[in-house]
Amino acid sequence: MINTDELKRVYGIEVATMVLVCRVFAGTSTEEELKTWLSRNHLDWELFYKIISFHQLKPVVFRVIYKSDIPDEIKNRLQGNCKHIAFRNLENAKELARIYELLEKAGVVAIPYKGSIFCLEYYK
């Protein structure tokens with residue numbers, strides 16, 4: 001595994017931070033390592049936010065760093081994004097369940113391959 005200092009040298013502080021956050025989420029690094037990293041490096045938080053947005057990692061990042069000492073503006077934006085994503089996912093799940101039920105009533109066998117219906121069907 002490439003160490004964070006090497007990632008920082010090659011890709012910049014913000015990308016190295018994103019990778020470290022993902023490692024904490026996956027359990028291959030610790031929250032203490034992240035805390036130390038954040039205290040020793042000065043991020044461009046706006047650039048960091050753009051990078052994690054591009055890579056669609058906002059929920060992962062929020063879950064890992066919401067307790068960390070990060071700017072309130074970034075923390076609030078991430079929290080708002082996560083609430084929006086959760087609401088949209090709930091709406092999508094409701095619509096998918098409605099369509100699935102209609103197909104069943106019409107005698108059409110629908111085989112979900114991902115999403116909430118898939119989880120309900122195959123992870124009982």
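Colleague: What share of the 124 residues in the chain is buried?
Modeller: Buried residues account for 31% of the 124 residues. Keep in mind that this is a predicted model.

Colleague: How many helices and strands does the secondary structure come to?
Modeller: There are seven helices and zero strands. Along the sequence the pattern reads α-α-α-α-α-α-α.

Colleague: Is the chain a compact globule or more spread out?
Modeller: The chain is more spread out than a compact globule, because its radius of gyration is 19 Å, well over the 14 Å that the globule rule gives for 124 residues. The C-alpha trace spans about 60 × 30 × 25 Å along its principal axes.

Colleague: And the contacts, what percentage join residues at least 24 apart?
Modeller: That is 48%, counted among contacts between residues at least 6 apart in sequence.

Colleague: What does the accessible surface come to?
Modeller: The accessible surface of the chain is about 8800 Å², and 56% of that belongs to carbon and sulfur atoms.

Colleague: Let's look at α3. Which residues are buried there?
Modeller: Helix α3 covers residues 31–40, and in this helix Leu 34, Trp 37 and Leu 38 are buried. These three lie on the same side of α3, because they cover an arc of only 95° around the axis.

Colleague: What do the buried residues of α3 pack against?
Modeller: They pack against four elements: α1, α2 (13–26), α4 (45–54) and α5 (58–65).

Colleague: Which exposed residues does the face turned away from the buried side carry?
Modeller: That face of α3 carries Glu 32, Lys 35, Ser 39 and Arg 40, which are exposed.

Colleague: Changing topic, how many salt bridges does the structure hold?
Modeller: Six. One of them joins Glu 6 and Arg 9, with the closest N and O atoms 2.6 Å apart.

Colleague: Why are Glu 6 and Arg 9 separated by about one helical turn?
Modeller: Because they are three residues apart in helix α1, which runs over residues 4–11. In general, an α-helix has 3.6 residues a turn, so residues three or four places apart point the same way. Side chains of opposite charge can then pair when their charged atoms come close.

Colleague: How do Glu 6 and Arg 9 count, exposed or partly exposed?
Modeller: Glu 6 counts as partly exposed because its relative accessibility is 31%. Arg 9 has 62%, so it counts as exposed.

Colleague: Over to α6. Which residue forms a salt bridge with Arg 98?
Modeller: Glu 95 does, and the closest N and O atoms are 2.7 Å apart. Both residues lie in helix α6, three residues apart, about one turn of the helix. Arg 98 is partly exposed at 44% relative accessibility, and Glu 95 is also partly exposed, at 35%.

Colleague: Which residues do salt bridges with shared partners join into one network?
Modeller: Glu 46, Glu 73 and Arg 77.

Colleague: How far apart are the closest N and O atoms of Arg 77 and Glu 73?
Modeller: They are 3.5 Å apart, and the pair forms a salt bridge. Arg 77 and Glu 73 are four residues apart in helix α6 (residues 72–105), so about one helical turn separates them.

Colleague: What relative accessible area does Arg 77 have?
Modeller: Arg 77 has 26%, so it is partly exposed.

Key: Residues numbered from 1 in each chain as written. Predicted model: local features only at pLDDT ≥ 70, side-chain atom pairs only at ≥ 80, totals over all residues. Heavy atoms only, no water. Salt bridge = Lys/Arg side-chain N within 4 Å of Asp/Glu carboxyl O. Helix = DSSP H or I, 4+ residues; strand = E, 2+ residues; numbered from the N terminus. Buried < 20%, exposed > 50% of the residue type's maximum accessible area, 1.4 Å probe, protein only. Arc of directions from axis to C-beta. Contact = heavy atoms within 4.5 Å. Rg over C-alpha atoms; globule rule 2.2 N^0.38 Å. Areas by Shrake-Rupley, 256 points an atom, 1.4 Å probe, with all protein chains shown as cover.
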